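I opened the notebook to look up how the side chains pair up in this structure. Entries follow in the order I made them.

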Amino acid sequence: MIEAFRTQDSGDTTNITEALTTTPAAAPVTPSPDLSTLDLAAVEDAIRRAAADEIMPRFRQLAAEDIVEKNGPHDLVTVADRRAEEQLTAALTALLPGSRVVGEEAVHADPTVLDALRGDALVWIVDPVDGTRQFVHGDPGFATLVTLAHHGELLASWTYAPALGLMATARRGAGAWLNGERLTAGHPAAGAALEVATSHHDFTDDDQKRVLAALDTDGIAPRPCGSAGLEYLHIAQGRIDATAFSWENAWDHAAGLLLVHEAGGASGTVAGQPFRIAGGNALPFTAARDADTARRILGLLAAAN
């Protein structure tokens, strides 16, 4: 049976140290659903098939008419995004009858789709191509992200980078894994500057840039993020130390947050509250290799907020 990792706290804690989420909550507010009959291997197969059918044949093969701007020149969607999400929606709901899908492209077409995150049904959170800009430019640093959630609790996640041959998975209480090997985020090297992936400047307003600039200080080496899903994987691998993100789209963060937590990491928001997948968070927020790193990042961001 898959148990749940809660990304939100039922209390009104405002202390960053106390509110850091370092381990899954022991007792969810609502009982976790019994998913003992869900074939997790079939979920992975569905993700691999969608990538093989709809994404990889178009990698470095996109025509101009295959690419559309959504909310500006940096916010792109391709035919691969749309068709992969359609295939995943059909496959995932067939594997778990009665479940719903909150996909990036479906929400763009109809924002009320997000309401499912607050409903009673199990929800698949899907980003068909996380890092669409990289995908469009022929950069292999993109991923398909899928997370299963219930009442704001993260149950299982898949982070698949088909062009890199990487499949990372996480389950509540069962750890984080990459291509069959256990992931452990570990701790930053003593004396080394913390490498922090931050919201890309193309997607931040002036106030967000001002707050994130607080990380440009001694002992921290911030840089713009690529695919959010892959940055979370880098934390779980111990390749970077933290993220600092100023947006809260569930499909960008759900898979990675569970992956980081199951690898031993921590996360929190500048308001001293755990990140809520359903939205309404005080931003920015961080995910980090360990609690001490998360506290340091949040302290700097909160002071500038």
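Entry 1: I looked up W158 and found a relative accessibility of 3%, so W158 counts as buried. The cut-off for buried is under 20%. This is a predicted model, and I read every value with that in mind. W124 comes out at 0%, so W124 is buried as well. I then checked the two rings against each other. W124 and W158 form an aromatic pair, with 6.2 Å from centre to centre and 45° between the planes, and the pair is tilted. W124 sits in strand 5 and W158 in strand 7, so the pair ties together parts 34 residues apart in sequence.

**Entry 2: other aromatic rings.** How many aromatic pairs does the structure hold? I noted eight. One of them is F59 with F135: the ring centres are 5.8 Å apart and the planes stand at 20°, so I logged the pair as stacked. The limit for stacked is under 30 degrees. This pair links distant parts of the chain, 76 residues apart. F59 is in the loop between helix 2 and strand 2 (67-72), while F135 is in helix 5. Are F59 and F135 buried or exposed? Both are buried. I also wrote down one aromatic cluster, formed by Y232, F245, W247, F275 and F285.

**Entry 3: helix 2.** I checked the length of helix 2 next. It runs over residues 40-55, which makes 16 residues. At 1.5 Å a residue the helix should span 22 Å, and the end C-alpha atoms are 22 Å apart, so the two values agree. Which residue caps the N-terminal end of helix 2? I found D39 there, with a side-chain oxygen 3.1 Å from the backbone nitrogen of A41. Then I listed the buried residues of this helix: A42, V43, A46, I47, A50, A51, E54 and I55.

**Entry 4: salt bridges.** I noted eight salt bridges in the structure. I looked at R133 and D202, whose side chains meet at 2.7 Å, N to O. The pair links distant parts of the chain, 69 residues apart. R133 belongs to helix 5, and D202 to the loop between strand 11 (194-198) and helix 6 (206-212). D202 has a relative accessible area of 28%, so I put it down as partly exposed.

E195 and R223 form another salt bridge, with the closest N and O atoms 2.8 Å apart. E195 lies in strand 11 and R223 in strand 12 (residues 220-224), 28 residues apart. E195 is partly exposed at 28%, and R223 is partly exposed at 25%. I traced this contact on to a network of salt bridges that links E195, R223 and E231.

Entry 5: Where do D207 and R210 lie? Both are in helix 6, three residues apart, about one turn of the helix. D207 is partly exposed, with a relative accessible area of 43%. R210 is partly exposed, also with 43%.

Terms used: Residues numbered from 1 in each chain as written. Predicted model: local features only at pLDDT ≥ 70, side-chain atom pairs only at ≥ 80, totals over all residues. Heavy atoms only, no water. Helix = DSSP H or I, 4+ residues; strand = E, 2+ residues; numbered from the N terminus. Expected span 1.5 Å × (residues − 1). Buried < 20%, exposed > 50% of the residue type's maximum accessible area, 1.4 Å probe, protein only. Polar contact = N/O pair within 3.5 Å; in protein donor to acceptor, adjacent residues only side chain to side chain. Salt bridge = Lys/Arg side-chain N within 4 Å of Asp/Glu carboxyl O. Phe/Tyr/Trp six-rings, centres within 6.5 Å; stacked < 30°, edge-to-face > 60°.
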